[in-house]
Amino acid sequence: MEKKIVIDGGKKLYGEVSISGAKNAVLKLIAAALLVEDVCLIHNVPDLSDVETMVDLINSLGAKTKYSKLSQTIEIDARDITNHVADYAYVSKMRASFNVLGALLSRCGESKVALPGGCAIGERRVDFHIKGLQLLGADVNIENGYVIAKSRKLKGADISLAIPSVGATENLMLASIFADGVTRIQNAAQEPEIVDLANFLNMAGADINGAGTPEITINGVARGSLKGIEYSTIPDRIEAASYACAVCAAGGEIVVRDIIPAHLTFFINKMCEIGVKIDAVDPYSLRIKKDKRLKATDLITQPYPGFHTDMQAPVMSVLALADGTSVITESLFENRFMQVPELRRMGADIQQENSRAVIKGVEFLTGTEVKASDLRAGAAMVIAALAARGKSSISNIHHIDRGYEKIEEKFSQLGANIKRVEINENLSDNQIVNSKVLS
Ligand code: UD1
């Protein structure tokens, strides 16, 4: 039965929240485990539907997995990979499945992975992935909606990315681990998730240098030489920023625990600039306090270390309530303002023109029925609903479940009135809001 998140907003948030492992890191670590002809144990694995999809995908390739949600671990035994085809059923559910392309090619000498279509947030092409594999010597063709890559032995090459694409950097790193000689990825993405992937692979025996800088060098090692390891995923900086945004919108004071503050530098500086009080509690925790109306500001999304596109929608919910006019420019994806019409339904004053959104801060938002149009737009809805006066119901929450572990539980611990309710088709949204949230 369909479910919605129902929030009775307008309550300040207080308390502590522990941040889960990073979705965008762990999905790539699972793909990387395909290169290891041994058993790997990954810790700090968040309980998310995207992780389930990735586990199902590698199981379909012949890996044997034990995924324990209780201990937040996955054990992956990739000694026998019996299939090199990633079916459309997985890739259509989750784009990050495309990352097995490079891993399967280097492990099996052949890979066939469904071509991801466009997705909610934009066209999201894969041309850099394909060109990079060709430069490594692979024969790459697109047939019947699948990318088919073949190569008996890849050869190290110099690859320069036109844009520092996260997915292409990761796919090409995975592809070149066993290539002959040296691969250099120039204009590489510098995200913390890239560094996490390189650390995982290096611990297993790969030879990668420069991850976290614009030039990554991979010295090929022998196929079959990687060893099983135990590894802990980095914390999810986007989840951390989303909880911080919730307190910036609703007010109050929370401590965000189990994070790496250095991964959030741009976000922290911006929030401090608009009036949020942020201080370190210890090396892995930040106290976030909002005790007065925040100031408007301008932002442009950019590759790391710039302002993260995945934090754009949550921050828009904060700026919708700020004093003055803010401008957000989205420079990475064509269609990443899907929260705008929903925020307007809550009383926000936002005008969108192509890649620019002009946000005139209002004094308050009002609760209503809204939908999560994609993962981060969904987070923006939760944040706005927590701050809004009255009750909101959020539909399409499967998007939110892709990236936020136990979201109702975590916000309830901070004092929010938030519930997941089953939808009775005979009730209108208004009745759902009025009847169940108070139960
Ligand atoms: C990853 C993240 C996503 C984040 C994004 C940018 C995962 C699972 N997802 O997505 O949450 O928003 O990084 O930080 O980690 N591009 C091309 N051709 C290509 C590849 C990319 O034109 O072959 C373009 C894209 O359309 C986009 C830009 O490059 O405009 C950046 O995309 P990319 O960094 O590749 O994003 P993803 O890896 O898909």
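Visitor: How many residue pairs are in polar contact across the interface of domain 1 and domain 2?
Guide: The rule finds 7, both residues at pLDDT 80 or more. A polar contact is a pair of N or O atoms within 3.5 Å; within protein, one must be able to donate a hydrogen and the other to accept it, and residues adjacent in sequence count only if both atoms are side-chain atoms. This is a predicted model: local features need pLDDT of at least 70, side-chain atom pairs pLDDT 80 or more, while totals for chains, interfaces and linings use all residues. Residues are numbered from 1 along each chain as its sequence is written, and side-chain values use heavy atoms, without hydrogens and water.

Visitor: And how many salt bridges cross that interface?
Guide: There are 2 between domain 1 and domain 2 (a side-chain nitrogen of Lys or Arg within 4 Å of a carboxyl oxygen of Asp or Glu). D50 pairs with R402 in a salt bridge, with the closest N and O atoms 2.9 Å apart.

Visitor: Where do the domains run?
Guide: Domain 1 is 2-20 + 235-437, and domain 2 is 23-232. Those bounds come from an automatic or database domain assignment.

Visitor: What area is buried between them?
Guide: About 1,800 Å², with carbon and sulfur atoms giving 50%. That is accessible area (1.4 Å probe) lost on putting the two parts together, summed over both. In domain 1, Y304, R402 and E405 lose the most, together 32% of what that side buries.
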